[in-house]
Structure formats: C-alpha cells, structure tokens
Amino acid sequence: MRLAHLWDQSRCISCGACIAACNAANYASTDAPNPTWGGAQTNIRRITFDLDLKPYILLLQCQHCEDAPCVHVCPTGASYVDKDGLVKINPNLCIGCKYCMTACPYGARWLHPSTGLPAKCMGEECQDRLAHGLMPVCVTVCPAGARAFGDLDDPSSEINKRLAKSRVVRLLEYKGTKPKFFVVVGR
C-alpha cells in the first residue's frame with residue numbers, strides 16, 4: 001500500500017476550507033498561531049504569488065516522500081515511513097532538534113508552539129480517521145472536490161482514476177524524494 005494525496009489546482013476555489021478543517025480537527029485545543037508559517041495551526045500551507053500579473057495559489061503540505069530526507073536525517077528514528085507509505089513523527093522519540101524541518105525541501109514541517117516539536121500532515125485526528133476507514137478532513141470538507149486521497153497500488157482507487165485523466169506535476173521531483181503529493185494542473 002502506498003497512500004498519497006492529490007490536490008487539483010484546476011478545481012480549487014481558494015476557499016480555505018481544507019486549512020480551517022485541518023486546524024479545527026487536529027489543533028483545536030489552542031489559539032496560538034503557527035509560529036513557522038504564521039496564521040492558524042494547520043498542516044496545509046497556503047502560498048500566494050503572481051504569475052503574469054495573475055494571483056496563483058499553491059496549497060503545500062507533507063509530500064509523504066518515498067525517499068524522505070526528513071527520515072534520513074532524524075538522529076532518533078522519530079521521523080519514519082509507516083507500512084502504508086506515510087511519513088510520520090513519533091513524538092515520544094523526537095528530541096526537537098529540527099533536523100527534519102531543515103531537511104524537508106518543501107518546508108512542510110512547522111514547529112508546534114506548545115510542544116516545541118515539529119508538526120506535519122497527518123495530524124492525530126486525520127490518522128484516527130484513516131484507522132476507521134475515513135478520508136482525511138481536508139478531502140472530506142473540500143466543496144469543489146479538489147482533493148483526493150488513496151492507495152496508488154489500487155488501480156480502482158479514486159486517486160488513480162483522477163491521476164489517469166489529468167495533467168499532473170509533483171513538486172521538486174528533481175530532488176529525487178519521490179513525493180506522493182500530486183498537483184493536478186489541467187485536464
């Protein structure tokens with residue numbers, strides 16, 4: 001099994017529902033801002049920039065790389081790839097050295113203000129949802145259907161169906177990390 005995320009930029013309406021849902025589900029116990037990215041505590045980072053004088057957004061989160069630099073540099077084994085191919089952090093082993101934050105070429109980890117430890121997708125609530133056969137909250141709440149999640153090894157999965165009919169990029173693919181976060185840029 002190789003679980004992966006898909007974000008369809010061509011369908012996204014920039015409403016921020018995925019960001020708000022991630023915050024509410026995974027970090028609702030505190031009002032403190034995300035000290036690394038600013039704004040709400042969430043595992044989805046909104047980046048806005050202009051291309052040819054048109055605003056463009058990119059929703060960035062953990063790429064769940066098959067060859068994850070964050071895992072390679074972790075001195076305690078706190079960062080690891082689980083049996084389903086998701087990159088996770090074991091907070092009981094993490095010493096807060098932040099090597100994983102520095103090693104991630106996507107800037108997808110942030111420092112939790114209460115624990116002082118790195119945080120990332122997937123949060124505890126989303127992990128619990130997966131354990132019960134549910135989708136991550138960002139996928140569930142998207143009103144435009146711009147998100148998908150599933151097993152790349154299952155040819156009948158929703159994510160594979162969408163990958164087959166879309167023009168897709170993987171961010172910083174040249175880094176050799178084998179990211180499992182797909183961005184649909186057209187059909």
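**Exercise 1.** How much space lies in the second largest pocket? Then work out what lines this pocket.

*Solution.* Before starting, note that this is a predicted model, where local features need pLDDT of at least 70, side-chain atom pairs count only at pLDDT 80 or more, and totals for chains, interfaces and linings use all residues. Residues are numbered from 1 along each chain as its sequence is written, and side-chain values use heavy atoms, with hydrogens and water left out.

Step 1: the second largest pocket holds about 200 Å³. A pocket here is an open set of points on a 1 Å grid over the protein atoms alone, where a 1.4 Å probe fits, with protein on both sides within 12 Å along at least five of seven lines; lining residues have an atom within 4 Å of a point. Its volume is the space filled by probe spheres set on the points, which are joined across faces, edges and corners.

Step 2: count 15 lining residues, with Leu3, Leu130, Ala131, Leu134 and Phe149 nearest the centre.

Step 3: H4 gives the most to this lining, three residues (helices are DSSP runs of H or I, at least four residues; strands are E, at least two; both are numbered from the N terminus).

**Exercise 2.** How many disulfides are there?

*Solution.* Step 1: apply the cut-off, a pair of cysteine sulfur atoms within 2.5 Å. The count comes to zero.

Step 2: check Cys104, whose nearest cysteine sulfur, that of Cys70, is 6.3 Å away.

Step 3: do likewise for Cys121; the sulfur of Cys62 is the nearest, at 6.0 Å. Cys121 is buried (under 20% relative accessible area; exposed is over 50%, partly exposed in between; 1.4 Å probe, protein chains only), at 7%.
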